[in-house]
Amino acid sequence: MAAPMKNTTLHENLKISTFNFAENEENLKWISDMICMKHSIGVTMTKMDQLPPSISEACMDEMSFIVYSLPVHELINSDLLGAFQKKGSLCMLSVGTKLEVNDCVAILPTGQLILHLTKDSYTRLGLDGKPSHFNKFGGEKYVVNIDISSPVFAPGKKHYEQVKQCLLGSSICCDFLVSWSPQDDKLCPSSIHRYFCLKGFCCVHLTLSAKSHKYTNIKIPDLQHQDAEVYHQEELYDWLGGVANQILWSSESDEEYSPLGDYSGPTNLGHCAHNQVFGFFSSITLQSLIKEVRQLCKSSNTWGCVTVHGFSDSLTSIGKSEKNFHKLCADSVTLVLSPSDRCWLFTDT
């Protein structure tokens, strides 16, 4: 009789890598930029009943906003480009829109204006674009990509004036999430809020929300054991997901999948704490948080992780490629940090 198969989740788009933080500190910015549009940031720490205030404060101090009923032509306003896009990292994402059926718009921190449009809107717009790569699975969406960071994209230049006229003739108007990180530390990120208010648009602070919980007397993966790195990486990923989503272990049914109880690698009995904040976060905020967690792992001689989720209706996926609008889930990046600076990086699209 064949042995019963172990219950597990399917991770066809999960990629796993390991590295040493001390030897690859340049990875900090690379990891922080993986997901352009960051909707939630979660921190899990082992051997702790609660997280230090510095961890939650790193996220709760984020200054992001929502501006209502903004016509798309305002995204290339020379005042906005000159004062914000060229002097910092500007990030905007249409909100309340569904990628598979609506017009969706974003400005990436890299200076790309992306319009993900229905066929009717694309036809009326009159700008060059291309069919979505994912139309082959159904639907008919079109993608227009404009480099608003280019030196030649400026008032009076042919390409700028062409784009401006097309956008002025468009009826596309959305609510936008907004985040701006200035290059100059003397400038305040809230300047973008004042800008939109002075332009006559309703712009308000985005309210952040948070949740936290703890576990006591649970089996925690022993990441100092070499078997954890070689044989149990996907189980570790499942275990972290179980902690974040409060999927508790149950012994009532052998058939029931339970990531907290099904980790088969070396474990130690202990406790852990988890905190997750929801909003619209900049890469600078994420970098600061990762530094805090790294230092906490060293000072407490334990391991922890930082997990970032994007928006399900974000226009870009990990690596800034086009997001599959048929998939309703959000991309995620999970970084596990150990006291020795050994790290595990999980990317799931």
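How many bridges join strand E4 to strand E9, and do they run parallel or antiparallel? Eight bridges join the two strands, which run antiparallel.

This is a predicted model: local features need pLDDT of at least 70, side-chain atom pairs count only at pLDDT 80 or more, and totals for chains, interfaces and linings use all residues. Residues are numbered from 1 along each chain as its sequence is written, and side-chain values use heavy atoms, with hydrogens and water left out.

**View 1. Strand E4 and its partners E9 and E5.** Strands (E, at least two residues) and helices (H or I, at least four) are DSSP runs, numbered from the N terminus. Strands pair if DSSP finds at least two bridges between them. E4 spans residues 88-95, E9 residues 173-182. Leu93 has Leu177 of E9 as its bridge partner. Two bridges join E4 to E5 (residues 104-107), also antiparallel. Here Met92 is partnered by Ile107. Six of the eight E4 residues are buried, so the strand is largely enclosed by the rest of the structure. Buried means under 20% relative accessible area, exposed over 50%, partly exposed in between (1.4 Å probe, protein chains only).

**View 2. The buried side of helix H5.** In H5 (residues 158-168), Tyr160, Val163, Cys166 and Leu167 are buried. They cover an arc of only 135° around the axis, which puts them on the same side of H5. The arc is taken from the directions from the helix axis to the C-beta atoms. Exposed Lys158 and Gln165 sit on the face turned away.

**View 3. Gly138 in its loop.** Gly138 lies between strands E7 (130-131) and E8. Gly138 is partly exposed, at 27% relative accessible area.
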